[in-house]
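This briefing looks at a strand arrangement and at the pockets that accompany it.

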Amino acid sequence: MSAGRIRVSGILSRGRRGMFLTTRDEVVWIIESEETECEFVGLVVIVEGVVAGRDRLRADWIGPV
């Protein structure tokens with residue numbers, strides 16, 4: 001399933017299996033990224049990438065708001 005490129009913003013968190021983003025509307029995205037560590041964990045960020053599943057986003061870019 002792929003819906004093309006999107007841009008979402010929210011709080012970036014790290015769980016046991018990787019990063020996830022929670023939007024202002026309480027939508028949770030699992031973030032797939034090449035980066036194993038991210039300096040923005042715990043902050044409000046923008047994530048750009050390709051939808052890779054119902055709740056997965058393959059991130060091309062993660063940056064501060």
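**Barrel and pockets**

In this predicted model, five strands form a closed barrel in the order β1-β2-β3-β5-β4, and the pairing within the barrel is mixed. Direction ignored, neighbouring strands of this sheet are turned against each other by 55° on average.

**Pairing of β3 and β5**
- Strand β3, which covers residues 28-32, runs parallel to strand β5, which covers residues 56-64, and three bridges join the two.
- Ile31 has Leu57 of β5 standing opposite.

**Largest pocket**
- The largest pocket has a volume of about 190 Å³, and β5 gives the most to its lining, with four residues.
- The lining is made up of Met19, Ser33, Glu34, Glu35, Glu37, Cys38, Glu39, Phe40, Ala59, Asp60, Trp61 and Ile62.
- Divided by class, the lining of the largest pocket holds six nonpolar residues, five charged residues and one polar residue.

**Second largest pocket**
- For the second largest pocket, the volume is about 160 Å³, and the residues lining this pocket are Gly15, Arg17, Gly18, Met19, Phe20, Ile30, Ile31, Glu32 and Arg56.
- The elements that give two or more residues to this lining are β2 (18-22) and β3.
- By class, the lining of the second largest pocket has four nonpolar, three charged and two polar residues.

Definitions and conventions
Residues numbered from 1 in each chain as written. Predicted model: local features only at pLDDT ≥ 70, side-chain atom pairs only at ≥ 80, totals over all residues. Heavy atoms only, no water. Pairing = 2+ DSSP bridges. Axes fitted to C-alpha atoms, helices over the stretch in contact; angles between N-to-C directions. 1 Å grid on protein atoms, 1.4 Å probe; cavity = no way out; pocket = protein on both sides within 12 Å on 5 of 7 lines; lining within 4 Å. Points joined across faces, edges and corners; volume = space filled by probe spheres on them. Nonpolar A, V, L, I, M, F, W, Y, C, P; charged D, E, K, R; others polar.
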